[in-house]
Amino acid sequence: MTLHPILAAVTARITERSRPTRQAYLQQVEAAASKDPGAQRLGCANVAHAFAAMPEADKGRATALDKIKVVAPRAPNIGIVNAYNDLLSAHAPLQHYPDLIKDEARKLGATAQVAGGVPAMCDGVTQGTPGMELSLFSRDVIAMATAVSLSHDVFDAALMLGVCDKIVPGLLIGALQFGHLPTVFVPAGPMTSGLSNNAKSKVREQAALGLVGRPELLEAESAAYHGEGTCTFYGTANSNQMLLEAMGLHVPGTAFINPGEGVRAELTREAARTVLALVKDKNFTPIGRLVDERCIVNAMVALLATGGSTNHLIHWVAVARAAGIVIDWDDFSALSDVVPLLTRVYPNGSADVNQFQAAGGPGYVIRELLDAGLMHADVLTVRAGGLREFTRIPSAQNGQLVWHEAGASQDDTVVRPASSPFSASGGLKLLQGNLGRSVIKISAVPEAFHVIEAPARVFNSQDELQQAFKAGELDRDVVCVVRWQGPQANGMPELHKLTPPMAVLQGKGFKVALVTDGRMSGASGKVPAAIHVSPEAAAGGPLAKVQDGDLIRLDGVAGTLQVLVSEAEWAARPLAPMPAELRAANGVGMGRELFANMRRNALKAEEGACTWL
């Protein structure tokens with residue numbers, strides 16, 4: 001299939017824009033790859049420290065020594081970076097994965113070590129609390145922890161164990177700093193379906209209205225989030241897995257297999273087999289070369305085709321930059337115009353990710369996009385068969401993994417072919433105007449609400465909005481502007497707690513929208529929300545000029561975000577300063593003191609909110 005001309009043009013301009021930084025990055029990769037393996041290059045004391053705790057048999061393989069005799073050749077050693085903790089339901093299964101990997105490595109004459117652990121926080125736990133202000137920056141902490149883990153430099157390959165929101169982007173950013181290593185990502189899969197996402201949202205709205213109390217709300221939430229695995233809506237965590245499939249960084253089809261299924265353990269073993277096959281191939285492509293401009297564009301396309309999380313308009317910008325590749329929201333917007341929406345998964349529909357998997361899952365979507373010329377088919381992946389291997393679905397037969405073709409959609413209310421999509425364009429939209437640049441998850445918003453024009457009500461925090469809602473002050477057409485929520489102001493927390501009250505107002509028949517320099521969850525829902533407004537108010541962005549009563553127009557069709565005042569008045573209006581007491585409060589408590597440097601150095605949302613550049 002011929003590549004779509006817009007896809008080719010976007011890729012070409014990204015390649016040209018990135019040429020200096022990409023070249024510098026690849027030079028670093030080549031310099032690291034040209035060195036002898038660490039276990040042969042490092043001093044004897046260094047090597048002894050690295051392998052002191054290994055079982056004797058493994059130690060002999062890893063060091064190429066059997067007591068005082070040289071054993072050749074030295075066996076490959078896999079570095080495992082693990083995001084395990086048992087607070088995150090999605091990461092709890094990872095506790096036992098290193099044992100599976102080590103066992104499989106031994107069968108293949110290799111060794112494996114847990115190189116390190118990385119922190120992994122749950123946005124579901126921290127939503128609406130000060131802890132959420134550490135969330136975005138935890139991505140860069142995870143990247144640094146990954147680098148610390150691999151800096152021991154005794155590894156021939158790496159396996160990245162992690163699933164959720166900031167964890168996968170952080171692991172990938174960190175892994176790309178060791179771009180000379182073959183690397184495979186290892187997820188754990190979604191929890192089985194519990195209370196439906198629609199039913200959960202209805203109870204949340206009833207709670208916001210005071211119609212049900214805390215016991216009923218907790219019962220509903222616990223029925224929705226009930227076991228091991230990722231949350232079942234198509235938020236940031238599950239979008240991570242879709243993008244990794246599209247980039248060819250997983251064992252094919254591994255994204256949405258439940259933790260309890262027998263095939264899941266075999267897929268984890270297959271990850272060890274896959275990365276060792278790369279090591280043994282003298283012509284293998286390390287992750288730094290695999291993640292090229294085409295690979296990044298494929299991830300962007302997969303995000304758009306599935307109506308994935310808006311968080312990735314920040315995270316994948318940062319991921320690309322870690323590989324020396326420069327992308328921006330104009331690139332997403334151009335692709336969104338031609339990439340069809342192929343899935344309806346909550347919050348873009350009623351299905352959860354288990355239903356998405358049953359209907360065809362990532363394999364179906366990737367096949368449709370490849371066949372339509374909307375993905376680069378000529379990319380390299382962690383598998384010899386290239387991206388076509390990722391169009392198949394795995395299962396276990398007689399204890400062995402087999403893959404079968406995705407076939408036709410098993411439910412066309414969930415997944416459709418590219419020839420008959422839910423929408424001719426992607427799920428994300430760039431908004432521009434005198435309020436700055438922002439994005440909206442338009443695929444989740446009913447068509448009747450794609451254009452909202454109403455007076456502004458300005459808030460300095462999400463708590464202020466909640467209080468106004470409870471007082472009945474928002475029972476009218478209103479655009480709620482929540483500012484001082486960007487990376488430099490307070491770390492850019494998600495504002496998902498605002499979804500239920502805004503949905504209640506919408507349900508009463510009011511025209512409502514949210515405009516903010518903060519983030520919304522990957523579960524952004526049916527209320528139109530212009531998010532990530534850039535530049536942020538704290539950096540002198542135009543949200544700092546908005547006043548109560550200003551007429552604001554959010555147009556998701558035309559792609560505009562405007563305050564409807566004269567150009568002369570707007571130009572003359574001063575920027576409101578961020579309240580000193582608010583800025584001070586944002587830096588105190590819940591460990592926020594330790595993140596002050598990140599707040600100072602964070603780039604704009606459109607630049608990935610990176611803190612290391």
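# A tour of cavities and salt bridges

The largest cavity has a volume of about 70 Å³, and this is a predicted model, so treat the stops below as places in that model.

**Stop 1: the largest cavity.** Select Thr499, Met520, Gly525, Val527 and Ala529. Of the 10 lining residues, these are the closest to the centre of the cavity. What kinds of residue make up the lining of the largest cavity? It divides into 6 nonpolar, 3 polar and 1 charged. In total, the structure holds 5 cavities of 30 Å³ or more.

Stop 2: Now over to the charged side chains. Side chains of opposite charge can pair when their charged atoms come close. The structure has 36 salt bridges, and one of them joins Arg269 to Glu104. Select those two residues and look at the closest N and O atoms, which sit 2.8 Å apart. Where in the chain do Arg269 and Glu104 come from? Arg269 belongs to helix α12 (residues 262-280) and Glu104 to helix α5 (residues 97-107). The pair links distant parts of the chain, 165 residues apart. Are Arg269 and Glu104 buried or exposed? Both are buried.

**Stop 3**

Stop 4: Next, select Arg294 and Asp378. Their side chains meet in a salt bridge, at 3.3 Å from N to O. Arg294 is partly exposed, with a relative accessible area of 24%. Asp378 counts as exposed because its relative accessibility is 51%, and the cut-off for exposed is over 50%.

**Stop 5: Asp555 and Arg553.** For the last stop, select Asp555 and Arg553. They form a salt bridge in which the closest N and O atoms are 3.5 Å apart.

Conventions. Residues are numbered from 1 along each chain as its sequence is written. This is a predicted model: local features need pLDDT of at least 70, side-chain atom pairs count only at pLDDT 80 or more; totals for chains, interfaces and linings use all residues. Side-chain values use heavy atoms; hydrogens and water are left out. A salt bridge is a side-chain nitrogen of Lys or Arg within 4 Å of a carboxyl oxygen of Asp or Glu. Helices (H or I, at least four residues) and strands (E, at least two) are DSSP runs, numbered from the N terminus. Buried means under 20% relative accessible area, exposed over 50%, partly exposed in between (1.4 Å probe, protein chains only). On a 1 Å grid over the protein atoms alone, a cavity is a set of points where a 1.4 Å probe fits but cannot get out, and a pocket is an open set with protein on both sides within 12 Å along at least five of seven lines; lining residues have an atom within 4 Å of a point. Grid points are joined across faces, edges and corners, and a volume is the space filled by probe spheres set on the points. Ala, Val, Leu, Ile, Met, Phe, Trp, Tyr, Cys and Pro count as nonpolar, Asp, Glu, Lys and Arg as charged, and the others, Gly among them, as polar.
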